[in-house]
Amino acid sequence: MRMSLSMSVSARTAVAVGLGVAALGLGTAVPATAAPVHAGYVAKSAESHASRAFFEAVLKSVAEKRAANPSAAAVTVVYDASAAPAFKAQIARSTEIWNGSVSNVQLQEGSNADFTYREGNDPRGSYASTDGHGKGYIFLDYQQNQEYDSTRVTAHETGHVLGLPDHYEGPCSELMSGGGPGTSCTNAIPDANERAKVERLWANGFAAALDKALHKANN
């Protein structure tokens, strides 16, 4: 299903987060000390490193919270979608898809978020980004979400939060093939291999978060 976006934006806003630097809002230019670390919906360079960095940033945020409550049974990743109101339905559907696909980690909207969603115009399209210091966000580009299936774009970028890298050469049945299969691909469901990988990553992620929480509690 196509989403019609009637946003009026005077210029494309480049929103990038560099290592060691955070851009706090759309249109806020912050000098970066290194190249942006981000994983996009269409092929870019260094995607594998970028998606891994994003996953580790989210895991770090989760671990910090577990330090305050190390006995919590489940790994919950909290997001804030207030800065992406045009994509409210797509974000809700992406959350529903992922929460129904895996059990070792669950997504939940709320305060004190581990990552955020943002929206706007960016020549790079949609992407997941991190500053390397435990903060990350998913940027959803208006134009790209008119060209590609918007729920697929959102679920794909959310896949980076859960630790999946891009695999552009994959078929439409792979969520993380992103824009590789073209604009006609509307599949927003991770395949069996993708679901299994997330389960494995968050089995380890749970242990890593818990270890850090216990270490912090004992110091």
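# Exercises on a predicted structure

Asp-149 sits in the loop between α3 (142–147) and α4. Keep in mind as you work that this is a predicted model.

**Exercise 1. Find out whether Asp-149 is buried or exposed, and what its side chain reaches.**

Step 1. Start with the surface. The relative accessible area of Asp-149 is 3%, and the limit for buried is under 20%, so Asp-149 is buried.

Step 2. Now follow the side chain. At 3.0 Å, the side chain of Asp-149 reaches the backbone nitrogen of Arg-152. Arg-152 itself belongs to helix α4 (residues 150–161).

**Exercise 2. Work out why Arg-152 and Asp-149 do not count as a salt bridge.**

Step 1. Look for the opposite charge. For the buried Arg-152, the nearest side chain of opposite charge is that of Asp-149, 6.8 Å away.

Step 2. Apply the cut-off. A salt bridge needs a side-chain nitrogen of Lys or Arg within 4 Å of a carboxyl oxygen of Asp or Glu, so Arg-152 has no salt bridge. The 3.0 Å contact from Exercise 1 involves the backbone nitrogen of Arg-152.

Step 3. See what else the side chain of Arg-152 meets. One of its polar atoms lies 3.3 Å from the backbone oxygen of Cys-172.

Step 4. Complete the neighbourhood. Leaving aside residues up to four places away in sequence, Arg-152 touches a set of residues including Tyr-41, Cys-172, Glu-174, Pro-181 and Asn-187.

**Exercise 3. Find the salt bridges in the whole structure and describe the setting of each.**

Step 1. Count them. A search of the whole structure gives 2 salt bridges.

Step 2. Take the pair in α2. The side chains of Arg-93 and Glu-96 meet at 2.8 Å, N to O. Both residues lie in helix α2, 3 residues apart, which is about one turn of the helix.

Step 3. Check the surroundings of this pair. Arg-93 has 35% relative accessibility and so counts as partly exposed, whereas Glu-96 is exposed, because its relative accessible area is 51%.

Step 4. Turn to the other pair. Arg-124 and Asp-122 meet through their side chains at 2.9 Å, N to O. Arg-124, at 19% relative accessibility, counts as buried, and Asp-122, at 1%, is buried as well.

**Exercise 4. Identify which residues have the most contacts inside the largest nonpolar core, and which elements supply it.**

Step 1. Begin with the core itself. The largest nonpolar core has 37 residues, and those with the most contacts inside it are Val-77, Trp-98, Phe-115, Tyr-117 and Trp-202.

Step 2. Trace the elements. Among those that each supply at least two residues of this core are α1 (47–68), β2 (75–83), α2 (88–101), α4 and α5 (192–217). The largest share, 5 residues, comes from α1.

Step 3. Zoom in on Trp-202. Not counting residues up to four places away in sequence, Trp-202 touches residues including Phe-55, Val-58, Val-77, Val-105 and Leu-162.

**Exercise 5. Describe the protein chain as a whole: how many helices and strands are there, and in what pattern?**

Step 1. Count the elements. The protein chain has 5 helices and 6 strands.

Step 2. Read them in sequence. Their pattern is β-α-β-α-β-β-β-β-α-α-α.

Step 3. Of the 219 residues in the protein chain, 50% are buried. The protein chain exposes about 9,900 Å², of which carbon and sulfur atoms supply 54%.

Notes: Residues numbered from 1 in each chain as written. Predicted model: local features only at pLDDT ≥ 70, side-chain atom pairs only at ≥ 80, totals over all residues. Heavy atoms only, no water. Helix = DSSP H or I, 4+ residues; strand = E, 2+ residues; numbered from the N terminus. Buried < 20%, exposed > 50% of the residue type's maximum accessible area, 1.4 Å probe, protein only. Lys, Arg positive; Asp, Glu negative; His and termini not counted. Polar contact = N/O pair within 3.5 Å; in protein donor to acceptor, adjacent residues only side chain to side chain. Contact = heavy atoms within 4.5 Å. Core = buried A, V, L, I, M, F, W, Y, C linked by side-chain atoms within 4.5 Å. Areas by Shrake-Rupley, 256 points an atom, 1.4 Å probe, with all protein chains shown as cover.
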